[in-house]
Amino acid sequence: MITKLEWKGMTDAAVGYKYSIFDVFTPTTPAKETFVERGNVQDLLVDAFKTPGKQIIVYGHSGSGKSTLIERKLFELYEKHITTACMRGMTFESVLLDAFDQLDLYYESLMKQSSVVSANAELRSQWATIAAAKSKAHELQNSRLLPPQLTAQSLARFLGEVKACWVLEDFHKLEEPEKIRLAQAMKMFMDMARHYPELKAVAVGAVATAREVVQYDQEMRGRVSEIEVPLMTDAELKEIIRIGASKLNIEFSKGASASIVLFSNGLASTCHQLCLNACIAHGIESERGDGDRRLSDESFKRSITMYAESASDSIRQRFEKATKVKRRSKFNTYEVVLRHLSKFGPDGTTIGELTRSISEDGDDCDINNLGRYIALLQQQERGGVLSFNADSGKYFVSDPFVMSYMQAYFESRSNRQGDLGDTFVLDNERFARFITDRVLKSILEQNDTATSMTALHL
Ligand SMILES: Nc1ncnc2c1ncn2[C@@H]1O[C@H](COP(=O)(O)OP(=O)(O)OP(=O)(O)O)[C@@H](O)[C@H]1O
Ligand SMILES: [Mg+2]
């Protein structure tokens, strides 16, 4: 358990301290130095935290900022909290035991304070019973069996006594029967709100899956806040870059900044990674004093290449997942759809335009059922490579790196002679080179636009 005081200590840089690039750009840990406010979703979360008895479900794409937002708001609103990371194969009992273990650390230090001991003699003796039961549970090493003292009710009571909140990360990784039991525990937390108004559990999960909690128990409707953390807007991503650059006393060109936003595609994690890579490529390790503050576009280009190289295996797997067909299939409609869509650029196109493009080229495919293939390409089983923009009515490739991969793949494939069958694979080096050229072009375009816009304003 981390207390409010420790968190403050972690975020307040001491006078004279120089930020390291790893303090500022944090692709794999919650953002502290570059935190940007999340508008409406943040207000919804704060309201839910403040409403007695309200339990919370937070869901959204991986990397959209769920953990960062929850952690930030918890430290502003709660004295303390505990976090249980759910993993595949965990039982409801092992989840409970993890929470008791974390609470133990807190109670141990609390009970050492003489003022607390005399005021809470009863609590002290009850916790001693829990601590003994906990040791027994660890000895038993049976993830299905807990001593009778270790129930969800007693956990709620001890969390309530110290006004702590319980966060369940990656709730969707649990099997269904365990989820149902956790949903029931959350309901019990609601019922105990009369005694402990601050008692709260927050279930965090992937898109759509965390909401299952409510589906398991109809009585929970209306008493649970379901909050979706959307992908970041371009303005929010730009803000991460601006804050990060100002903390490190460096400058990204307009083109580099716009390209980072473009390639991040709403994912804060990618934005942090690209900024970090650019610093590394430019030889920046920590906050700059005076002198060379501006990162060259060359460093930024290198940052994208680094990213493409390290991610190319997973990007390729996503593409292969999207286009996989049975060996005996006469044609591959998934591939035809993606090849044509990748010609339309980042905004994508409508189903009508796509059909026209495919029939003009006379490609062999299941043209009468394109809608079905497009729907499947949006699902996780096909790598979720397509998305739909309800405002424009257009389908587009959901990740710019996957888009670049497709363009490089189809271009390289059409340049090769003869029948390549299923054997064609785009090598990482070629992909990285393709991406680098594309990025350079986009930086130059953006810088040109920026220059002409500045000229106009002058
Ligand atoms: N509001 C924010 N301001 C600045 N950076 C952020 C913000 N939210 C998230 N980030 C950055 O983006 C990265 C991903 O965020 P986070 O881990 O919170 O996402 P998540 O939705 O919990 O992802 P997952 O589902 O994979 O756990 C983090 O490394 C963090 O540094
Ligand atoms: Mg998370």
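Q: Does Thr-68 count as buried or exposed?
A: This is a predicted model, in which local features need pLDDT of at least 70, side-chain atom pairs count only at pLDDT 80 or more, and totals for chains, interfaces and linings use all residues. Residues are numbered from 1 along each chain as its sequence is written, chains are lettered from A and ligands numbered from 1 in the order in which they are written, and side-chain values use heavy atoms, with hydrogens and water left out. Buried means under 20% relative accessible area, exposed over 50%, and partly exposed in between, with a 1.4 Å probe and protein chains only. Thr-68 has 18% relative accessibility, so the residue counts as buried.

Q: Which backbone nitrogen does the side chain of Thr-68 reach?
A: Thr-68 sits in helix H4. Helices (H or I, at least four residues) and strands (E, at least two) are DSSP runs, numbered from the N terminus. Beyond its neighbours within four places in sequence, Thr-68 is in contact (heavy atoms within 4.5 Å) with Pro-30, Ala-31 and Phe-35. At 3.5 Å, its side chain reaches the backbone nitrogen of Ala-31.

Q: How many residues surround ligand 1?
A: A residue belongs here if one of its heavy atoms lies within 4 Å of the ligand. Thr-68 is among the closest, along with Thr-26, Ser-62, Lys-66 and Ser-67. The number of residues around ligand 1 is 23.

Q: Which residue has a side-chain N or O atom 3.0 Å from a nitrogen atom of ligand 1?
A: The side chain of Lys-66 brings an N or O atom to 2.7 Å from an oxygen of ligand 1. Ser-269 uses a backbone N or O atom, 3.4 Å from an oxygen of the ligand. The side-chain atom 3.0 Å from a nitrogen of ligand 1 belongs to His-272.

Q: What share of the accessible area of ligand 1 does the protein cover?
A: Accessible areas come from the Shrake-Rupley method with a 1.4 Å probe; for residues, only the protein chains shown count as cover. On its own, ligand 1 has 620 Å² of accessible area.

Q: Between which domains does ligand 1 lie, and why?
A: Domain bounds come from an automatic or database domain assignment. One domain covers 37–228, the other 234–310 + 441–457. Both give residues to the shell, so ligand 1 lies between domain 1 and domain 2.

Q: How many charged residues does the shell around ligand 1 have?
A: Ala, Val, Leu, Ile, Met, Phe, Trp, Tyr, Cys and Pro count as nonpolar, Asp, Glu, Lys and Arg as charged, and the others, Gly among them, as polar. By this scheme the shell has eight nonpolar and 13 polar residues. The charged ones number two.

Q: With which side chain does Asp-104 make a polar contact of 3.3 Å?
A: Asp-104 is in helix H5 (residues 92–112) and counts as buried at 13% relative accessibility. A polar contact is a pair of N or O atoms within 3.5 Å; within protein, one must be able to donate a hydrogen and the other to accept it, and residues adjacent in sequence count only if both atoms are side-chain atoms. One such contact, of 3.0 Å, joins Asp-104 to the side chain of Trp-127. The contact of 3.3 Å is with Lys-134.

Q: What percentage of the residues in the chain is buried?
A: The chain has 19 helices and eight strands. Its accessible surface is about 23000 Å², with 49% belonging to carbon and sulfur atoms. Of its 458 residues, the buried part is 48%.
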